Amino acid sequence: MQKCSIRTRQLLLTLFFLFILQCVSAQKQPLRLFLIGNSFSQNATQFLPELSKEGGHELIIGRAELGGCSLQRHWEHAAAAEANPNDEKGKPYKGKSLKMLLSEGSWDVITLQQYSKISTDLSTYEPYATKLYEYVRKLQPNARIVFHQTWAYRSDSNDFGQLTEGGEAKNEQEMWEKSRAAYRATAASLHAAVIPTGDAFWQMSSSRKWTYHRDKNFDFKNPTMSNLPDQTNSLHVGYAWNKEKLNFDSHHASPAGCYLGALVWYGFLFQESPIKLTFTPKNVPADFAKQLRKTAWKTVKKELKASAH
């Protein structure tokens with residue numbers, strides 16, 4: 001009887017540990033993330049793999065991204081493929097359609113976003129956001145579909161987003177406000193969550209200590225070859241030399257901006273603080289990187305709290 005009891009206990013312990021191992025294994029299943037976007041989704045997730053790896057999260061990313069692509073254009077490509085699978089218009093993603101890409105396994109999270117230039121114009125979102133949402137939901141019924149809130153252009157940009165009533169936003173703040181409102185109105189109508197990258201950018205841009213300031217001492221009209229203006233704290237690419245030409249990109253994210261975007265995505269996807277993560281891209285100062293981590297998590301926590309109500 002005693003031997004039988006010992007064997008029974010050993011068997012029960014073995015089964016218990018097997019159960020624990022199965023639970024741990026299940027928890028470590030990779031997160032499968034699919035992006036329907038453009039260069040801004042590429043920017044925002046550039047450093048996400050490094051952050052995810054350091055945080056102990058396996059991540060698989062699928063992409064349907066086209067430069068400057070709007071919700072309308074993504075939908076029109078999908079509709080063309082549905083009407084005729086052989087239509088080249090329906091296969092713009094390196095020869096594949098959205099349906100083909102989404103059918104490559106199951107996806108946990110799928111993101112949608114508007115083209116930044118028109119993200120401030122609510123009238124450009126529909127009916128395309130709803131059509132894409134419903135299309136994706138039909139193909140991936142178990143996925144969580146969310147919207148990625150893109151960011152406003154740098155304060156010294158020559159242009160900002162177009163407005164519903166006509167004209168353009170007059171500055172970075174108005175672009176952020178209008179874009180934010182449009183994203184949230186669209187997401188709310190579909191009961192979807194928002195990845196608040198744009199909010200995190202604005203938190204940094206509106207900070208007295210961490211905001212970017214245009215270099216008042218640089219001669220922009222007669223720049224000297226290879227010299228650049230001071231662009232400390234810039235979240236956007238800004239000025240850069242290309243051979244003998246000084247280019248200006250006030251739209252796309254700099255390494256610091258890409259880092260901030262990835263930190264926001266990390267916090268949102270894993271609902272976990274990125275503050276203790278140590279990975280930092282080259283050319284991003286340590287003190288600035290530390291503030292970016294804090295800002296990202298503060299922004300995500302606020303978003304998660306709001307969406308819980």
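This note walks through the sheet and the nonpolar cores of a predicted model.

1. Ground rules. Residues are numbered from 1 along each chain as its sequence is written, and side-chain values use heavy atoms, with hydrogens and water left out. In this predicted model, local features need pLDDT of at least 70, side-chain atom pairs count only at pLDDT 80 or more, and totals for chains, interfaces and linings use all residues.

2. The sheet. Five strands form an open sheet in the order S2-S1-S3-S4-S5, with parallel pairing. Strands (E, at least two residues) and helices (H or I, at least four) are DSSP runs, numbered from the N terminus. Two strands pair if DSSP finds at least two bridges between them. S2 (59–65) and S5 (194–195) are the edge strands; each pairs on one side only.

3. S1 and S2 are parallel and share seven bridges. Leu35 stands opposite Arg63 in S2.

4. The largest core. The largest nonpolar core has 48 residues. Such a core is a set of buried Ala, Val, Leu, Ile, Met, Phe, Trp, Tyr and Cys residues joined through side-chain atoms within 4.5 Å. Buried means under 20% relative accessible area (1.4 Å probe, protein chains only). Leu260, Leu269 and Leu292 have the most contacts inside this core. Elements that each supply at least two residues include S1 (31–37), H7 (172–189) and H10 (286–308). H9 gives the most, with 12 residues.

5. Around Leu260. Contact means heavy atoms within 4.5 Å. Not counting residues up to four places away in sequence, Leu260 touches Ala200, Phe201, Met204, Leu235, Leu292 and Ala296.

Methods: Buried means under 20% relative accessible area, exposed over 50%, partly exposed in between (1.4 Å probe, protein chains only).
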